[in-house]
Amino acid sequence: MKKSALQVARASYMPKMPKALRGQVIAVEGNATQSVADQDAIKNLFPNTYGLPLIEFQPAKETREYAPIHTGVILSGGQAPGGHNVIAGLFDGLKALHPDSKLYGFLMGPSGLVEHKYMELTADIIEEYRNTGGFDIIGSGRTKLETKEQFDKGLEVLQELNIGALVIIGGDDSNTNACVLAEYYAKIGAGVQVIGCPKTIDGDLKNEQIETSFGFDTACKVYSEVIGNIQRDCNSARKYWHFIKLMGRSASHITLECALQTQPNYVIISEEVEANNLSLDDVITRIAQIVADRAAAGNNFGTVLIPEGLIEFVPAMKALIAELNDFLAENAVEYARIKRSEQRNYIISKLSAKNAAVFASLPHDVARQLTLDRDPHGNVQVSLIETEKLVAEMVGAKLKQWKEDGLYVGKYLAQTHFFGYEGRCAAPSNFDADYCYSLGYNAACLIGEGKTGYMSSISNTTAPASEWKAGGVPITMMMNMERRHGEMKPVIQKALVKLDGAPFKTMAAEREIWAKETLYIYPGPIQYFGPTEVCDQPTKTLQLEQQK
């Protein structure tokens, strides 16, 4: 594999790691836990893995011997910077337990387990991927592990390879699958441990024990660099309004973090839109007013940040999408037979009157995008909805009306952008390189302690890496019941932006000034070498949440 000069230099980087994981460890157990909600339902569904204690690792005072353990690893869902370091940490941790331990990677996600497609990950292979972006070491996929047939088929290859533990690296849905799999293998006495690792650039897999999901730091820094570049161009040309959509289907963490890093003229936070029961027109009117006010001051330019999942948070749209999800889940075959030219009227005729009126009011392209195929978890694929263009056009239409009414005299030229894939496979920042390696090494320690149904947890992450805390969180602790594909299912509860949290309140206190004045910050590219205050800083979100 031919490498760039940066890759060569990064290959020699030794990730920093908590002191607690250096050398042998002992697991200190805390109190029994319960799920975040729907305790009776979750306990009934997970009788073998519910109520497990929190675990914190501390240095062991006595030397212990471990038998070799063969472990499988799966990369599940969308890519996130640092996945290769999770695998490298896992590999090194397993070898520290016993040099004869082996690691097998299942290819192209969970389907590799079911279809028995795998490769042994040897030291030579691992060395090629340390501190690199992407998931290309074994590939990833979105196959959902949910049926007994899949579990049993996977068990066949696990037993064939004498694999005693499986690590699933993924987001909330993937770790929900890990929890279900851990419960099933425990129930039948399969002798296979299942451990999860928190991955998602969206930042919506977190709680008191899981402070951040890996990849969020790097992705936000990549997006913030490009937003800063656009804002520098914006402030130079002084004639365009840039509408920038950012990844984050279920939460606005990325949009909020990028706003804190770059100080745009306006930022939409989906959770605030929902909490205040705002209509799409309310949002458009606010942006149009900012455009008009800046034009009056001679500034016919600006930037607006938009979360990918905005449409699902507008209350009227959310109700429409919920009914659409249920209807399409039950009538997918019939809907597929309808001619495309007749699909819009067909949908309108099947919805409740209120939701039918909302659907009928949408531009044809947006309405069609809401009826496209769902993802494997039954969700609208909001990345296919060009929200940034919709918002830019609606702002333009309102300004045109105001101009006709003599209320606006400025110029309005819009540019639209969507930053998503640009950040998913970036070379990990020092924070993510360290955090991911620690997550993987920590997962090996959980395996060594015989644990199953746990998520690898690294906390105290605003402190230097040597002071980070390591341990495990029972996955059932994070779960609740939600409607998926028309049925109530156990899933990990998503972490949304807290409107009473420090990150949002910090942004809210400044946004009126950002709207009026041009106070752009230009973060520049990720720095890998240099002073720690430049290279090793965590996100603004983490610093504000922990007030450090």
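Mentor: Start with helix 11, residues 280–296, which lies across strand 8, strand 9 and strand 10. Helix 11 runs at about 145° to strand 8. This is a predicted model: local features need pLDDT of at least 70, side-chain atom pairs count only at pLDDT 80 or more, and totals for chains, interfaces and linings use all residues. Residues are numbered from 1 along each chain as its sequence is written, and side-chain values use heavy atoms, with hydrogens and water left out. Helices (H or I, at least four residues) and strands (E, at least two) are DSSP runs, numbered from the N terminus. Axes are lines fitted to C-alpha atoms, for helices over the stretch in contact, and angles run from 0 to 180 degrees between N-to-C directions. Contact means heavy atoms within 4.5 Å.

Now look at the sheet under that helix. Four strands make an open sheet, in the order 9-10-8-11, with parallel pairing. Two strands pair if DSSP finds at least two bridges between them. Strand 9 (266–267) and strand 11 (414–419) are the edges; each has a single partner strand, so one side of each is left without a neighbour in the sheet. Strand 8, residues 241–246, runs parallel to strand 10, residues 302–307, and six bridges join them.

Next, compare the record. UniProt, in an unreviewed entry, places the feature "domain: Phosphofructokinase" at residues 72–316. Such annotations may be inferred rather than shown by experiment. Over residues 72–316, the chain is 48% helix and 16% strand. The end C-alpha atoms of that stretch are 44 Å apart.

Move to helix 9, residues 253–262. Its axis and that of helix 20, residues 502–516, come within 10 Å and cross at roughly 55°. That makes helix 9 oblique to helix 20; angles under 35 degrees count as roughly parallel, over 145 as roughly antiparallel, 65 to 115 as roughly perpendicular, and the rest as oblique. Helix 9 passes helix 20 in a left-handed crossing. Left-handed means the near helix is turned anticlockwise from the far one by less than a right angle; clockwise is right-handed. Helix 9 brings Leu256, Ala259 and Leu260 to the contact, while helix 20 brings Pro503, Phe504, Thr506, Met507 and Trp514. By class, the contact of helix 9 with helix 20 has seven nonpolar, one polar and no charged residues. Ala, Val, Leu, Ile, Met, Phe, Trp, Tyr, Cys and Pro count as nonpolar, Asp, Glu, Lys and Arg as charged, and the others, Gly among them, as polar.

Nine strands form an open sheet with mixed pairing, in the order 1-2-13-12-7-6-3-4-5. The twist averages 25° from one strand to the next. Strand 4, residues 102–106, pairs with strand 5 in the antiparallel sense over three bridges. Glycine 105 stands opposite methionine 119 in strand 5.

Finish with helix 3, residues 83–97. Helix 3 lies across strand 3 (70–75), strand 4, strand 6 (163–170) and strand 7 (193–198), at about 155° to strand 4. The axes of helix 3 and helix 19 (residues 430–448) come within 7 Å and cross at roughly 40°. Helix 3 passes helix 19 in a right-handed crossing. By class, the contact of helix 3 with helix 19 has 13 nonpolar, five polar and one charged residues.
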